[in-house]
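Keep the model open while you read.

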Amino acid sequence: MVLITDLRPVHVVGIGLHPYQYPTETSYIELGLQAVREAIVDAGITWPTVEAAFVGTARLGMAAGVPMLRYLGMTGLRVSQVENASATGSTAFRQAVAEVASGLADVAIAIGVDKPIGRIAAPDTGITPISPVQDVPFARYALLTERYLAEAGYTKEQIGLVAVKNHNNGALNPYAQRRKKRTLEEVVRPPYVAGSLNSLQITPIGEGAAAVIVMSEEAMERYKVDQSRSVRVAASSTVSDQAFDGANADVALTQAATQAAYEEWGGDPSDLDVVEVHDAFAIEELLFVEAMGLCPPGQGAAELAKGSFDIGGRHAVSPSGGLLSMGHPLGPTGLGQIAEITRQLRGEAGVRQQPDAKVGLAHMVGIGPVCVVHILQR
Amino acid sequence: MVLKDNPSEEAGPQWLDSERGTQLIGWICLRCGQRGVPRQRFGCERCGAPGNEIGETRFEARGVLRSFAEVHRHAKWPVPFVMGEITLDDGPTIHAFLDDEVAWHPGATVVGQAGERLLHSYVVFTSGEH
Ligand SMILES: [Zn+2]
C-alpha cells in the first residue's frame, strides 16, 4: 500500500476560520467566504493560484461549493464535494493533501462549511431498529458514560474534568462557540440531558467555517510562501468499521488509525505536543487518549487530574477547546483542528500556546463509524 | 433455530412471542454463521455474503443490563424515558427501552416483552429477577 507521505511532501501554508456559533440567519456563503479569504491572506497567495477545492459539508445538501466559491472570482478550479459525517472536514483535508502529494495539483484547498439544516441519512436504512437510539445520540453516549462509571470505576467528577479543561481552553479561543470558563460543579450538576450528562459535557451543534490551503514544496518556492510558517503533513490515515467482536468500535478504530499514523510518521505518541480529539461527549476524551497511547490504559483520568493534558502539560489535548467548547458544526470541525494545530506549531496560538510545540495530531470519528487521523510536524 | 425461508422482504416486526417468552428476530449468515440483531437482508457484516444467503434466527429477549440512562430532553418525543445497554444471553449487545418503573442497577437480569414507547410498539425490557 502506498501512503500519502510516500509521495511528494505537502505543507499546510494557510488557515482561516469563521467563528463557530449557534445557528443564525447568516448565509453559509458568508460563513465559508470569510474562512477562505482568511486562509488566502494567511498563505499570502491569490485565489487563482488554487487549482482544486474540496468542500466538506454534512448538513447543507447538494451543490454547496461553486455557488459559494464563485464570489472569489470564477477561476474554473476543480471543485469536489466531500461528506463523511463528523469526519467530513478531516476527509476533505486528506483529499486535498492527496491531490497535492500525487502531483495532480500544486495548490489545493479544503473547506468546511455547515449549518444544521439538512437531514441525516444514517437512520434511514430500511431496517427497523430495536429502539430508535440513532435518533437520540446523547442517549447512546449517556449509556457509554454510565457503563464506564460502573465498569471502569470512573467518577462523574473525573469525567467532568474533561469538560472543565476544554471549556477553559475554549474561553481563550476567539473562534469558539462557547467561550466561558466553567467550574467542576457547573459541568456535573443537574439538570441532566440523559443519565448524568450535563449539557456542558455535550458538544453544541452549530454553524461555522474553516479552510486550509496545502501546497507542494515546488509551489512554495514559486509563490514565495513564508517557509518559516509552513507545517508539513507527516501522516494521514483513515479507517472504517471492522468486525471487532464486541469491542467499542470508536475506541478500536482510534487505536487502528493512530497506530497507522504513528508508523507513517515514524514517531512515538510520547513525542506529540498538541492533540485535538473528537470530544463530542466528555467521556470520549478519556477513552481516546488511552486508545492513542498518550497514557497507559486506565490512567487517563489520573493523568488529566494531574494536568498532563493541560496547555503546558505533557500533551496539550484540545487546546482549541475541542468539540465541547469550540463547537462542532460538522463540515468545518476537522479543519478547525488542523487550523489549531498549525497555529500551535507556528507558535502563533497566543494565550493558548503549548510551549515549543513541534508535532500535533488531529483525530475525528464520525457516524459509520469512521476515524480519520492526521499528524502535522514543524 | 434457522428459518431459511424469510417470508417477507419488508422490515416487519422485530420480535415474536413464543412458548419460551419474547424472542428478538435477528439475522444469520448461512455461509459463515455470523448472527446479529435487528434482522436485515442486505448481507453479512463479517464475510459479505449477499442477502439470499442471509436467514432469520431468533435471540432470547433475555440478558444482563450493562448501563442505563433516563432521557430528559428530546425534540420530538415525550420525556422522560429510560434506555439501557443490554448484553443478550445469546451474544449481541443492544440498546433498548427499559421499564421506567424499576430502580435499575448495572448487572441486573432483564427480560423483554412487547410494549409501547414514543407512540410505537417496541420491545421493552423489565426486571428478570424475582
Ligand atoms: Zn457471513
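What covers the buried residues of α5(A)? The cover includes α4 (137-151), α6 (184-188), α9 (282-291), α10 (300-306), β8 (316-317) and α11 (322-325) of chain A. This is a predicted model: local features need pLDDT of at least 70, side-chain atom pairs count only at pLDDT 80 or more, and totals for chains, interfaces and linings use all residues. Residues are numbered from 1 along each chain as its sequence is written, chains are lettered from A and ligands numbered from 1 in the order written, and side-chain values use heavy atoms, leaving out hydrogens and water.

**Helix α5 of chain A**
- Helix α5 (residues 156-170) of chain A has 15 residues. Helices are DSSP runs (H or I, at least four residues) and strands are too (E, at least two), numbered from the N terminus.
- From first C-alpha to last, α5(A) reaches 21 Å, close to the 21 Å expected at 1.5 Å a residue. The expected span is 1.5 Å times one less than the number of residues.
- Its buried residues include A:Ile159, A:Val162, A:Lys165 and A:His167. Buried means under 20% relative accessible area, exposed over 50%, partly exposed in between (1.4 Å probe, protein chains only).

**Helix α8 of chain A**
- Helix α8 (residues 249-265) of chain A has 17 residues and reaches 24 Å, close to the 24 Å expected.
- Among its buried residues are A:Asp250, A:Leu253, A:Tyr262 and A:Trp265.
- The buried residues of α8(A) pack against α4, β6 (231-240), α9, β9 (359-366) and β10 (370-377) of chain A. Contact means heavy atoms within 4.5 Å.
- At the helix start, a side-chain oxygen of A:Asn248 comes within 3.0 Å of the backbone nitrogen of A:Asp250.
- Just after α8(A), A:Gly266 has a positive phi of about 80 degrees.

**Sheet of chain A**
- An open, mixed sheet of 10 strands runs in the order β3-β2-β4-β5-β1-β6-β10-β9-β7-β8. Strands pair if DSSP finds at least two bridges between them.
- The edge strands, β3 (78-82) and β8 of chain A, each pair on one side only.
- β6(A) and β10(A) run antiparallel, joined by 8 bridges. A:Thr238 has A:Val372 in β10(A) as its bridge partner.

**Zinc site in chain B**
- B:Cys29, B:Cys32, B:Cys44 and B:Cys47 coordinate the zinc ion through SG at 2.3 to 2.4 Å. Donors are N, O and S atoms within 2.8 Å of the metal (3.2 Å for Na, K and Ca).
- The donor residues are spaced C-x2-C-x11-C-x2-C.
- B:Cys29 lies in strand β3 (residues 21-29) of chain B and B:Cys47 in the loop between β4 (35-36) and β5 (54-60) of chain B, so the pair ties together parts 18 residues apart in sequence.
- B:Cys29 is buried at 2% relative accessibility, whereas B:Cys47 is partly exposed at 33%.

Key:
A polar contact is a pair of N or O atoms within 3.5 Å; within protein, one must be able to donate a hydrogen and the other to accept it, and residues adjacent in sequence count only if both atoms are side-chain atoms.
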